[in-house]
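Visitor: Can you walk me through this one? I'd like to hear about the contacts.

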Amino acid sequence: MRQGARRAIGVTGVLAALVLLWEGYRALALATGATWPIAVRGTGNAQQFPHVWDIVLAYGRPYRGAGETLGAFLVGEAGATLREVAVGFALGVVIGFALGTLFAHSRLAERALMPWVVVSQTVPFLAFAPILVVATGSIDALPDWSGVALLSTYLVVFPMTVGTLRGLRSAPASGEELLRSYGASAWTRLWRLRVPAAVPQLFAAAKVGATAAVVGAIVGELSAPGAGGIGGALFDFGRVSNNALQLFATALAAGLLGIAAYTVVALAERAVLRRFTGVRA
Amino acid sequence: MSAGEPALAASRADAGVGGVVALRGVSKDYGATPALAPVSLDVAPGAFVSLLGPSGCGKSTLLRIVADLVEPSAGSVTVAGRPAREARERRDYGMVFQAATLFDWRTIRRNVELPLEVMGWRAAERRARAQRMLELVDLADVADLRPPQLSGGMQQRVAIARALAFEPALLLMDEPFGALDELTRERMQDGLLAIRARTGTTVLFVTHSIPEAVFLSSSVVVMSARPGRVLAEIPVDLPEPRTEDTREDPRFFQLVTEVRETLRRGVRP
Amino acid sequence: MTTPAATPAAVAGAAPAPGAGLVRRSAGAAAPLALGLGVLVVWEVAVRALGIRPILLPPPSAIAAAVVQDLPRLAGATWVTGRSALLGFAIGAGGGFLAGLAASRWRPLREAVVPVGVVLGSLPIVATAPIFNLWFGALSIWSKVAVVALVVFFPVLVNTVAGLASAPASSQELLRSYAAPGRTVLTALQIPSALPFVFGALRVAAALSVIAAVVAEFFGGFRDSAGFFIKTLMANADYTGAWATVVALSAFGLALFGAVALAERVAMPWRRDDRGVRT
Ligand SMILES: Nc1ncnc2c1ncn2[C@@H]1O[C@H](COP(=O)(O)OP(=O)(O)OP(=O)(O)O)[C@@H](O)[C@H]1O
Ligand SMILES: [Mg+2]
């Protein structure tokens with residue numbers, strides 16, 4: 001408990017420090033009239049360096065003169081993004097779990113495929129975003145946003161595969177031998193022993209995957225003209241309307257979306273752990 | 001002459017006053033659980049004192065208190081006539097831990113050199129000393145390997161060489177031979193006695209082996225089950241120097257029996 | 001991404017024993033190479049046989065031809081993007097390491113930095129790209145470098161802090177028994193213990209840096225950058241050209257990853273030692 005309290009204080013402190021850092025940076029830019037450390041003259045003005053509180057207040061203001069507030073608009077866009085994230089994440093979890101299970105049972109599959117899975121992580125796959133979005137867009141049977149979801153899927157597959165493989169391997173050999181001595185089938189051994197043993201690692205991977213899925217969706221959206229979502233809003237505010245306050249508020253919303261995705265998985269983890277082991281995460 | 005030696009010589013001289021280690025009513029609680037009951041103990045200069053007691057009775061804890069790695073909950077500790085803290089800062093003792101605790105990123109040789117490096121010895125002197133210590137523990141041929149390449153027993157011998165490297169006036173050893181086979185163990189025991197005969201080092205030694213304690217020690221301290229207290233301090237009046245014949249001496253067997261029976265008393269309250 | 005355990009190379013498994021040498025290594029490479037080749041053949045045949053349109057999937061032969069044909073331009077575009085990635089990588093990694101060293105000195109900060117760093121690092125940091133465009137200008141390398149540096153910063157920071165604290169208590173006690181000064185504990189124990197963590201983070205960061213650079217370019221960047229190429233080629237229906245650009249960029253990502261892996265082997269010779277010369 002004491003450690004929890006100390007950590008809470010520490011986290012609050014760091015967040016306060018981040019706000020202070022931002023305000024300090026802002027003050028520096030305004031005082032010198034330039035950005036820092038790369039001085040671009042004439043950009044260090046109040047419009048481009050809003051106060052933290054002004055950014056927060058912007059959510060309550062109407063956006064583009066219409067009646068709708070920026071907050072309401074962003075909630076709508078976030079809903080669109082979340083749909084892509086949810087579908088992409090679910091697909092990625094299934095594929096990653098299947099691959100990890102395959103690797104855990106077949107040395108050959110692991111030896112042949114794992115290097116590619118690893119190489120896939122060094123490939124700047126997000127560079128495919130525009131290609132993928134256009135390609136899926138050309139298939140009429142698929143909804144417009146499916147390319148964006150697929151991008152999320154890709155980012156989820158790797159951590160899930162690795163987490164599944166590690167988790168399944170973490171089951172104690174003695175338990176495996178015990179079940180074998182009962183003549184239990186491979187299927188039973190998987191679901192009765194290995195998967196339960198893998199739960200902590202599966203959730204750890206899913207948490208990484210959830211935030212990665214948000215990144216994938218946002219990058220997908222900004223490469224798909226007119227795709228909307230938080231990524232589309234970012235692109236529009238950053239480029240088309242060039243409204244700094246709305247841009248900052250949207251970037252902050254993107255961050256909150258990432259935290260939300262993480263939190264959902266963390267809550268699911270807690271529920272599962274409590275249900276099956278009585279352990280509190 | 002190396003940088004470390006004058007100070008050590010001085011501390012050896014000081015040690016003559018009032019015992020090398022003096023514990024007065026030292027106890028330790030971890031939270032609400034007592035790990036060590038109040039213990040008083042004196043270790044005379046040049047003595048070899050073994051601590052024997054059931055697992056978990058606080059032997060390691062006691063050694064760590066002497067080493068100023070753990071604060072006692074009560075009581076006072078002096079080492080070489082000073083508070084334990086000062087003694088540690090003056091590097092008055094060398095310690096062999098229950099686990100070898102070697103650094104994987106250093107070769108065996110450089111692991112042995114580690115304390116000398118910390119104490120600011122010159123490179124050539126460090127190297128020469130490390131070489132001698134490695135020869136002493138029969139590991140000169142693996143000097144350029146790294147710890148993961150050695151067996152557990154070999155690693156433990158490296159740890160011993162490292163503790164001996166700066167020839168401390170006091171050696172604190174926590175089950176140093178626990179991981180060794182019987183023959184190597186006896187060889188290491190002989191080696192330790194030879195070093196002691198040469199340097200006059202005082203030793204505080206933890207072991208689970210009754211024959212080992214009797215063979216090595218000038219006195220054996222028997223402790224009770226947790227929380228450990230001193231049941232008896234049994235002087236070992238075997239002739240010096242201890243040799244192979246000592247292990248066959250009828251008096252040796254008598255003492256082993258005496259220690260064993262004292263130990264039994266502590267387990268059966 | 002908090003521990004090196006979650007990094008790609010850690011997953012690749014232990015390196016083969018030096019003694020077993022080339023034979024084992026080439027045998028180990030046979031299966032993945034065969035699979036890769038098989039996939040390429042199936043891909044090529046399927047695209048031709050089923051008449052898949054290039055908008056969906058161009059055949060590998062066409063992509064290869066485009067790479068060869070356009071090599072100078074592709075290499076140029078890759079370098080424009082790659083140098084942002086390299087510069088951002090260097091700044092972000094250096095900054096993350098130094099910040100980690102600093103944060104480790106004070107316990108409450110050390111305990112707070114890890115959770116906050118993990119959360120910030122997992123957020124969609126690329127969303128800051130338009131902000132940096134606003135500040136530094138879309139046509140400045142620094143707006144890209146800033147995004148890359150920020151993306152790289154957090155994993156390196158978090159792993160540096162975790163790595164410095166990873167030294168076992170027994171090793172810390174050993175140095176305490178020598179009354180070693182804090183500086184010695186840092187250089188003799190904490191930094192060597194942290195290296196596997198830091199390199200784990202650097203491998204992740206190498207891949208992230210190229211991704212961040214190209215995504216930042218999607219928000220607007222140099223007309224000769226890979227990110228700009230990919231978007232305009234797609235808009236002009238030159239799908240094969242877009243694929244070729246991604247291939248060139250991947251080669252750069254792989255090279256950067258390889259360079260980090262190599263540096264890791266040089267910096268941590270004890271990690272590739274053969275085990276088991278037991279006697
Ligand atoms: N850091 C700690 N926190 C809480 N309890 C501890 C700690 N260190 C030791 N203990 C407890 O104190 C008691 C004594 O431990 P110690 O390690 O001194 O035993 P020991 O006599 O050396 O045992 P062994 O012979 O097995 O090495 C044990 O019951 C142990 O559980
Ligand atoms: Mg012990």
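Guide: Domain bounds here come from an automatic or database domain assignment. As for the ground rules, this is a predicted model, where local features need pLDDT of at least 70, side-chain atom pairs count only at pLDDT 80 or more, and totals for chains, interfaces and linings use all residues. Residues are numbered from 1 along each chain as its sequence is written, chains are lettered from A and ligands numbered from 1 in the order in which they are written, and side-chain values use heavy atoms, with hydrogens and water left out.

Visitor: Okay, how is chain B divided?

Guide: Into domain 1 (5-92 + 171-267) and domain 2 (103-167). Their centres, taken over C-alpha atoms, are separated by 24 Å. Counting contact as heavy atoms within 4.5 Å, domain 1 of chain B puts in 17 residues and domain 2 of chain B 16 residues.

Visitor: What area is buried between those two?

Guide: About 1400 Å², with carbon and sulfur atoms giving 64%. Buried area is the accessible area (1.4 Å probe) that two parts lose on being put together, summed over both.

Visitor: And which side chains meet in a salt bridge?

Guide: B:Arg187 and B:Asp138, at 3.0 Å, N to O. The term needs a side-chain nitrogen of Lys or Arg within 4 Å of a carboxyl oxygen of Asp or Glu. Between the two domains of chain B the count is 1 salt bridge.

Visitor: What gives the most to the domain 1 side?

Guide: H7(B), with 6 residues on the side that touches domain 2 of chain B. Helices (H or I, at least four residues) and strands (E, at least two) are DSSP runs, numbered from the N terminus.

Visitor: Switching to whole chains, which pair has the most contacts?

Guide: Chains A and C, among the 2 pairs of chains that touch. Chain C brings 51 residues and chain A 62 residues, and they bury about 5100 Å² between them, 79% of it on carbon and sulfur atoms.

Visitor: How many salt bridges there?

Guide: The rule finds 0 between chain C and chain A. On the chain C side, the largest share comes from H11(C), with 9 residues. That side divides into 42 nonpolar, 5 polar and 4 charged residues, where Ala, Val, Leu, Ile, Met, Phe, Trp, Tyr, Cys and Pro count as nonpolar, Asp, Glu, Lys and Arg as charged, and the others, Gly among them, as polar.

Visitor: How far apart are the nearest C-alpha atoms of chain A and chain B?

Guide: 15 Å, and those two chains do not touch.
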